[in-house]
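This briefing covers salt bridges and the interface between domains. Please read it alongside the structure shown here.

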Amino acid sequence: MTDKLIVFDTTLRDGEQSPGASMTRDEKVRIARALERMRVDVIEAGFPIASPGDFESVKAVADAVTDSTVCGLARALDRDIDRAGEALKGANSARIHTFIATSPIHMKMKLRMQPDAVLAQAVAAVKRARKYTDNVEFSPEDAGRSELDFLCRVLEAVIDAGATTVNIPDTVGYNLPHQFGALIGNLMERVPNADKAVFSVHCHNDLGLAVANSLAAVTAGARQVECTINGLGERAGNAALEEVVMAVSTRHDVFDCTVDHIDRTQIVPCSRLVSSITGFTVQPNKAIVGANAFAHESGIHQDGVLKSRETYEIMRAEDVGWSTNRMVLGKHSGRNAFRSRLAELGVTFASEEELNAAFVRFKELADKKHEIFDDDLQALVTEASLEAENERVKLVSLKVCSETGETPHAAVTLNVDGEEQTGEADGSGPVDATFKAIESVVRSGTELQLYSVNNITSGTDSQGEVTVRLEQGGRIVNGQGADTDIVIASAKAYVNALNKIFTPEDREHPQV
Ligand code: KIV
Ligand code: ZN
């Protein structure tokens with residue numbers, strides 16, 4: 001029998017440790033639902049002890065997700081483990097992931113602990129976590145630079161203490177594939193009770209080797225890979241889920257495990273969702289999910305593909321969720337057609353009111369843009385949830401003048417806490433003038449960290465999707481907005497970010 005490779009996604013935890021990639025609780029729930037649709041096995045939802053807001057996010061994901069296991073991270077400390085156990089109470093299937101560093105440099109310089117004390121703390125942590133769930137994962141942090149004999153002792157002890165998964169992190173992305181594969185092979189051979197736990201790997205991408213190292217480990221016997229959508233994560237990121245999954249499925253001839261349980265058609269929609277929420281755009285030449293991943297430019301390649309697709313394609317774009325972006329609906333489409341196409345895209349509405357509100361938006365968009373594609377529909381739904389977030393500041397109207405030889409000028413009307421207020425400003429361009437006009441009303445004192453625009457579909461009538469990242473006192477938020485007019489989309493994104501700043505979330509970005 002071929003083993004199943006357990007796909008453990010840590011976009012919501014390690015992924016959020018990318019500088020600037022902050023997510024609100026509701027955004028985490030949206031991403032978790034998308035991961036569940038993809039049928040990933042384990043979703044690491046956060047680090048509950050980090051702040052009350054992190055706790056609430058893990059709890060919200062645990063309550064929302066039913067099919068995937070929901071995991072919370074905890075240092076090997078009683079208070080961390082108790083907090084994770086508490087946050088995961090509502091989960092259908094819960095895992096506690098506890099860790100302590102085992103490399104000489106981490107033990108000496110960071111923990112200031114002797115190896116035997118580290119081992120004892122690891123064992124105590126696993127035993128405590130087992131009081132909350134029988135699904136316990138242990139990670140020897142910086143395993144990639146730890147001594148083999150000590151690692152073997154720690155792993156044997158934590159498996160005896162009840163760890164059901166032992167995860168080997170290459171925390172600083174230092175290993176090369178042949179070394180990392182050999183490390184996993186050695187551990188599985190030398191740890192006497194290795195057969196009592198699943199061996200997992202967690203690779204960072206500092207040398208661009210996270211996926212290669214993960215695959216080498218799978219070849220050596222690892223049966224869980226920890227990864228993130230779009231390879232987000234601390235520093236250079238983690239192994240990209242889409243690359244690991246597609247490598248194992250495309251090269252099933254060389255792996256003795258499968259990822260057949262993963263719905264690969266959800267990969268591209270999930271990648272887009274994560275990119276739009278975090279503001280981390282995907283580079284065009286990124287494997288699997290980049291805009292050019294399936295594009296053939298040279299005449300020779302195009303000719304080959306037209307004659308036989310397999311000449312230059314090893315995967316089919318539609319198998320990873322690149323839709324032909326077919327025109328699905330138009331101005332005359334009815335509510336039922338709208339509802340059923342969204343259901344096909346995995347979007348359902350909690351109430352008739354929600355459906356009606358989205359349908360009104362659809363009609364407005366159809367007046368501006370004759371052909372409504374799947375991606376437009378997704379943006380429309382995102383837009384509805386963004387507006388629901390805008391509790392304190394709403395964009396009422398915007399007028400912008402931009403003329404050759406003249407200074408751009410913007411006049412904005414906002415509804416702030418129920419009261420309409422107007423502001424005007426000049427700027428170096430229409431977007432700059434708009435942001436300054438908004439600031440003249442709200443005086444948030446925030447700092448703009450990122451402004452980015454992407455077209456949702458092709459053509460000049462496409463909607464522009466804008467991300468605005470604001471920072472205030474160390475807190476980072478990302479706001480989004482979409483519109484066929486990119487200046488209006490920019491204003492919506494700025495207002496969305498302001499609402500997040502004005503809604504105190506009981507949490508700080510993990511980087512802070
Ligand atoms: O990179 C790392 O070592 C981690 C651990 C917490 C697994 O993220
Ligand atoms: Zn990590």
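D3, R223 and D256 are linked in a network of salt bridges, a salt bridge being a side-chain nitrogen of Lys or Arg within 4 Å of a carboxyl oxygen of Asp or Glu. By this rule the count comes to 38 salt bridges. The model is predicted, with local features needing pLDDT of at least 70 and side-chain atom pairs counting only at pLDDT 80 or more, while totals for chains, interfaces and linings use all residues. Residues are numbered from 1 along each chain as its sequence is written, chains are lettered from A and ligands numbered from 1 in the order in which they are written, and side-chain values use heavy atoms, with hydrogens and water left out.

**Individual salt bridges**

- D375 and R272 meet through their side chains in a salt bridge (2.4 Å, N to O).
- D375 lies in helix 14 (residues 374–389) and R272 in helix 10, so this pair ties together parts that are 103 residues apart in sequence; helices (H or I, at least four residues) and strands (E, at least two) are DSSP runs, numbered from the N terminus.
- D375 counts as buried at 12% relative accessibility, whereas R272 is partly exposed at 35%; buried means under 20% relative accessible area, exposed over 50%, and partly exposed in between (1.4 Å probe, protein chains only).
- R309 and E313 form a salt bridge whose closest N and O atoms are 3.5 Å apart; R309 is partly exposed at 27%, and E313 is buried at 13%.
- In the salt bridge of D319 with R316, the closest N and O atoms are 3.1 Å apart; D319 is partly exposed at 32%, and R316 is partly exposed at 35%.

**Domains and their interface**

- The protein is divided into domain 1 (6–278) and domain 2 (390–501), with bounds from an automatic or database domain assignment.
- The centres of the two domains, taken over C-alpha atoms, are separated by 38 Å.
- Nine residues from domain 1 and eight residues from domain 2 take part in the contact, which means heavy atoms within 4.5 Å.
- Between them, domain 1 and domain 2 bury about 650 Å², 34% of it on carbon and sulfur atoms; buried area is the accessible area (1.4 Å probe) that two parts lose on being put together, summed over both.
- On the domain 1 side, G20, S22 and S276 lose the most area to domain 2, together 55% of what that side buries.

**Salt bridges at the interface**

- The rule finds one salt bridge across the interface of domain 1 and domain 2.
- K500 and E27 meet through their side chains in a salt bridge (2.4 Å, N to O).
- Helix 10 (residues 267–278) supplies the largest share of the side of domain 1 that touches domain 2, three residues.
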